[in-house]
Amino acid sequence: MKIHDGQFVFHERLNADFLKELFEGDTIYAETVFEDFLRDLPAYWEKVQASYQNKNMSLLGTNIHTCKTLFGYVGFTDLQELCQEFENKCALNTAEALRMDFNNLTQKKQEAQKIIENEYNRLKSYNEG
């Protein structure tokens, strides 16, 4: 567990500066936000997958936008940017043309979800003392 000088240190894949500013050291709040992310992401991602499978590019862009916001709240600013790029491509491309991008985004979402699960558990332990 990474704790420096009694301070909780987030996973290196997360934007630590952003999270420091967002949470201002409030690890209880951080734990709540991470818990909300883990609760909400599966349902939001189901909508992403359904709109992709139905080739509804407008709805796909909207659903990716929702996930983009979620990734930002837990410090995945790189994934947030990737979602923005994908959202922009939805307006100009077909589902078929975006298959590789969609598969890449799905893989990164799965990696992010695992990291956030671990961070949530670390936060919970840290907050329990």
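A salt bridge is a side-chain nitrogen of Lys or Arg within 4 Å of a carboxyl oxygen of Asp or Glu. Side chains of opposite charge can pair when their charged atoms come close. The structure is a predicted model, in which local features need pLDDT of at least 70, side-chain atom pairs count only at pLDDT 80 or more, and totals for chains, interfaces and linings use all residues. Residues are numbered from 1 along each chain as its sequence is written, and side-chain values use heavy atoms, with hydrogens and water left out.

By the salt-bridge rule, the count is 8. One of these bridges joins the side chains of Arg13 and Asp78, with 3.9 Å from N to O. This pair links distant parts of the chain, 65 residues apart. Arg13 sits in the loop between strand 2 (7-8) and helix 1 (16-23), while Asp78 belongs to helix 4 (residues 77-90). Helices (H or I, at least four residues) and strands (E, at least two) are DSSP runs, numbered from the N terminus. Arg13 is partly exposed, at 30% relative accessibility. Asp78 is also partly exposed, with a relative accessible area of 39%. Here buried means under 20% relative accessible area, exposed means over 50%, and partly exposed lies in between (1.4 Å probe, protein chains only). Arg13 and Asp78 also belong to a network of salt bridges with Glu111.

A second bridge pairs Lys68 with Glu87, whose closest N and O atoms are 3.3 Å apart. Lys68 lies in helix 3 (residues 57-73) and Glu87 in helix 4, so the bridge ties together parts that are 19 residues apart in sequence. Lys68 is buried, with a relative accessible area of 10%. Glu87 is buried as well, at 18% relative accessibility.

A further bridge lies within one helix. The side chains of Arg122 and Glu119 meet at 2.5 Å, N to O. Both residues lie in helix 5 (residues 99-128), 3 residues apart, about one turn of the helix. An α-helix has 3.6 residues a turn, so residues three or four places apart point the same way. Arg122 and Glu119 are both buried.

Helix 5 itself has 30 residues. From its first C-alpha to its last it reaches 43 Å, close to the 44 Å expected at 1.5 Å a residue; the expected span is 1.5 Å times one less than the number of residues. Its buried residues include Phe102, Leu105, Ile115, Ile116 and Tyr120. The buried residues of helix 5 pack against strand 2, helix 2 (27-53), helix 3 and helix 4, where contact means heavy atoms within 4.5 Å. Gly129 follows helix 5, and its phi is positive, near 85 degrees.
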